[in-house]
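This report is for a reader new to the structure shown below.

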Amino acid sequence: MKKRILVIMAALLLLTGCAPTSTPETPPAQTTAPAAPAGTLKKLESYNEKGLYYFQNQSDDHYANVVCYTDFEKATTEVVCGVPDCLHMDDSCDTFVHYASGNNVLFASDNTLYWLEPENLTNDWSPGVYSAPRLESTDLQGNNRRTLLEYPDSPPGGSDVGFIKLESVLFSDGAYLYLIKLEVVGYREPYYPCYQRTLLKLDAQSGAQIDEFLISLEDEETLESIFAIGVHEDEIVFARSSRTIVDFEDFEVDFFAISTTDGAKTDLLTMDKSVQQELFTESAVDDCILAVKSDGSLWKINVYTKEEEKLLLGDSFPGEIYIPIKWLNGYIFFSTFDQATEEDMLVALNVATKELTEIELYYFDIADKGRSTVGWPFIVYGDELFVLNESDAREVPGLGTGGEPITQWNYRYTYALIDFQDYLNSRPNYRVITLGDGVTDREFYY
């Protein structure tokens, strides 16, 4: 059985709060030329309307990366680099970068790439690699690379006062960028760090900080976990799970919004403790989140109006809903495990008609001990879906931290595009993505 990864808002996170013992490190606001008028606020992803960007690991140095681009129309992948005859192995490559962690993230707007390293993760695995929470940008061709925001003095480890983490989410309205900064500003004895979260507003061109809005400062008794889940007009919507330091079982889940114009906070929905079970809040669609209640039923809940709609009865299919869960083109895709057959299932739920469809497009996955696995949908491109349609894993030689020989797993993935209706009807009519010079199958090591 595949490992279940449940996004449960009640997950125990060792986060708590207290009054700050020092002034948080904050770059001063800078005066800039008037920005262009703000447009529609949206959450940026690693793709835009034309294609997908991702980091590709280079050689045996799994901190060395270049940026690759998958063109959906052409169904091709190329390294983003304009240097003739480039081997993409060092700083002479336009988009070569050393990152000390595997948590770096790419975001794409219509004309700009943003590169985010969330935190300082310098460690024994990354000697000599510079690491700091920072946001960089280039154009879509990898040119004009600039650092927009950086905290070079943030310590590693995640618990020292002054530690800063930039959450792996980025919003933009065209004129401004919005990032979430988490900072350790003090301690509650004996060992719990105190976190302050702020929303940074940056000029999209220069990176100059325009404003900073408080999201939360934990109090003496409360542990909080907060996620940005969507947008509503000029507001960013957050989900929060909070519990007391003395009773980990006594938790509350609520939702609120922060205005990107003036930082005003609007309290929204608070979940009823008697019915909340598992909340899938990776993202909100049309102001709605999904919740699985204690009887196993799936609900759509509007966090602004508080209206609820039952989408699925708990006994509608064998097994339980678990994530990853996607909401694409009016369908909700989720996985379930059939205890009777001991098989994974991928199911599509038509939100309007409540009709359920099992997706039966399988690929042979060596990493999953030879079992057939359903190709998961990732992105909508016109009438097509971008999907994983093949993967394997093999053991390869490598080096440990002390230079000793070790064996590690090398994962390789192949992706494709498929018509949305073909996918729903399990017809394997794929447009397989071809790989250009310097591009390998996407590789990940552990």
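## The chain as a whole

The chain contains 33 strands and 1 helix. The model is a predicted one. Of the 446 residues in the chain, 52% are buried, that is, under 20% relative accessible area.

The accessible surface of the chain is about 20900 Å². Carbon and sulfur atoms account for 49% of that surface. Among contacts between residues at least 6 apart in sequence, 51% link residues that are at least 24 apart.

An open sheet is built from 4 strands, in the order 6-7-8-9, with antiparallel pairing. Strand 6 (105-108) and strand 9 (146-150) are at the edges; each has a single partner strand, so one side of each lacks a neighbour in the sheet. From one strand to the next, the twist averages 20 degrees.

Strand 6 and strand 7 (residues 112-117) run antiparallel and are joined by 4 bridges. As for individual residues in this pair, Ala108 has Leu113 in strand 7 as its bridge partner.

## Tyr381 and its contacts

Tyr381 lies in strand 29, which covers residues 377-381. Leaving aside residues up to four places away in sequence, Tyr381 is in contact with Glu49, Phe72, Glu73, Leu417 and Arg431.

One of these contacts can be described further. Phe72 and Tyr381 are separated by 309 residues in sequence, while the distance between their C-alpha atoms is 7.2 Å.

Definitions and conventions: Residues numbered from 1 in each chain as written. Predicted model: local features only at pLDDT ≥ 70, side-chain atom pairs only at ≥ 80, totals over all residues. Heavy atoms only, no water. Helix = DSSP H or I, 4+ residues; strand = E, 2+ residues; numbered from the N terminus. Buried < 20%, exposed > 50% of the residue type's maximum accessible area, 1.4 Å probe, protein only. Contact = heavy atoms within 4.5 Å. Areas by Shrake-Rupley, 256 points an atom, 1.4 Å probe, with all protein chains shown as cover. Pairing = 2+ DSSP bridges. Axes fitted to C-alpha atoms, helices over the stretch in contact; angles between N-to-C directions.
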